[in-house]
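Work through the exercises below with the structure at hand, and try each task before reading its solution.

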Amino acid sequence: MPSNTPSTSNGPWDAKLQQFHGGQDWAHLDNFVEDFSVTTNAFGMPEAAKLAAIQSVEHGHHYPPADQEPAKSSLARFLWPEQFETEVDRLILGNGASELIDLVIRMAPEGTWKPGPFHTQYKEYERSARNNDYEMLSSDSADKANVVSLVNPCNPTGDYLDLPELKKWISENTLPGGYVLIDESMQPWHSPQFREHSLTTQREYVEDLYKTQGISVFVMHSWTKLWCCTGLRLGSVVCPTADHMRAIKKIQVPWSVNTVALAFLNAVVTDTVYLEKTWEMTPEWRQQMIDRLSQMFPTWEFHGRKFLSWIWVDTKSEEVAERAIDLAKKAGVPVRSGRPGYNLPTFIRLAVREPAKVNVLLDAWKAI
Ligand SMILES: Cc1ncc(COP(=O)(O)O)c(C=O)c1O
């Protein structure tokens with residue numbers, strides 16, 4: 001019998017049916033101060049784009065454009081400032097990266113699925129592969145797979161492969177004719193030169209892999225983190241060819257990206273001031289957080305590249321991690337536990353936030 005009550009609840013998630021993610025506590029806390037449980041940008045929603053989104057509600061009684069324009073071309077200009085006209089046909093937007101992850105895996109060749117080489121990684125790829133009946137290989141399996149997914153930089157571990165290492169991993173792990181899903185959602189944090197380090201600008205390499213081995217490389221982006229708009233739902237995928245993009249378009253539900261999200265995207269890509277302060281302040285605030293935490297908890301280990309919007313922390317103790325999670329929640333500053341989803345109960349993930357908000361978290365943790 002169908003029932004509205006989740007069979008096994010994990011907060012608002014139905015633990016039997018859904019993959020756990022952070023970001024759900026804030027709405028249930030009377031004393032909410034800041035959400036440390038998501039990897040969004042510490043600067044919050046960019047103001048001008050937020051205004052454009054609010055104004056777009058005026059057009060809420062019309063359907064959104066079926067070709068996702070002009071927002072799609074604006075994003076192409078952001079990704080490829082010089083070559084956007086030749087690249088835009090490889091790009092398609094989605095209702096969050098989550099929609100596109102699922103669509104690409106539905107189109108992928110049947111067989112085996114394999115994750116990136118890290119301790120763990122963002123789980124939606126695995127969830128989608130399981131739902132589509134793939135045989136799951138472990139990250140250290142010697143076998144190549146039909147479909148591989150690597151999150152780079154890796155949420156939550158903070159590992160990052162530079163392009164040569166990434167290409168090596170792709171060749172060592174993908175079967176001819178296979179699909180490669182590389183998630184670069186957090187890659188733009190790298191630096192103002194992020195494009196040079198991104199797979200999005202490796203057109204020749206991607207074309208060559210497709211021509212010589214039939215391997216299709218897709219580059220996924222969730223834009224809900226960099227531009228702090230998780231509620232708007234905004235993602236994209238750069239496909240290996242325009243034909244692959246059309247294959248996604250064919251199965252995508254029409255108007256999946258709504259008017260408000262499109263207006264937001266169209267405006268946000270021109271906000272260079274926002275990105276400059278992101279590149280300048282995120283590593284600084286991140287390091288300050290690590291320095292303060294190491295003083296309070298000398299045995300904790302802090303993982304991840306310096307430019308990232310979060311810290312992956314090993315407290316080395318399940319009990320301590322639980323206490324840290326409870327105290328944070330009680331103080332209105334929820335953090336992400338490593339237990340649900342990742343099954344790493346000594347770990348917690350903390351978003352990088354401005355010092356005043358960090359003070360609230362660290363005050364709460366004096367009681368650990
Ligand atoms: C690495 C990564 N990829 C994709 C997503 C999915 O993002 P969304 O569906 O909000 O765009 C997330 C969200 O946490 C993520 O961390």
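**Exercise 1.** How far does a polar side-chain atom of Ser-98 lie from an oxygen atom of the ligand?

*Solution.* Before reading any value, note that this is a predicted model, in which local features need pLDDT of at least 70 and side-chain atom pairs count only at pLDDT 80 or more, while totals for chains, interfaces and linings use all residues. Residues are numbered from 1 along each chain as its sequence is written, and side-chain values use heavy atoms, with hydrogens and water left out.

The distance for Ser-98 is 2.5 Å, which makes the pair a polar contact, because that term means a pair of N or O atoms within 3.5 Å; within protein, one must also be able to donate a hydrogen and the other to accept it, and residues adjacent in sequence count only if both atoms are side-chain atoms. In the side chain of Asn-155, an N or O atom is 2.7 Å from an oxygen atom of the ligand, and Ser-185 places a polar side-chain atom 3.4 Å from a nitrogen atom of the ligand. The ligand has 400 Å² of accessible area on its own (Shrake-Rupley method, 1.4 Å probe), and the protein covers 92% of this area.

**Exercise 2.** Describe the shell of residues around the ligand.

**Exercise 3.** Is Ser-222 buried or exposed?

*Solution.* Ser-222 belongs to strand S8 (residues 216–222), and at 7% relative accessibility it counts as buried, a term for under 20% relative accessible area, with exposed meaning over 50% and partly exposed in between (1.4 Å probe, protein chains only). Next, look at what surrounds it: the side chain of Ser-222 makes a polar contact of 2.9 Å with the side chain of Thr-224.

**Exercise 4.** How many of the residues of strand S7 are buried?

*Solution.* Seven of the ten residues of S7 (residues 174–183) are buried, so this strand is largely enclosed by the rest of the structure. Strand S6 (residues 145–151) runs parallel to S7 and is joined to it by six bridges, with Leu-150 standing opposite Ile-182 in S7.

Note on methods: Helix = DSSP H or I, 4+ residues; strand = E, 2+ residues; numbered from the N terminus. Pairing = 2+ DSSP bridges.
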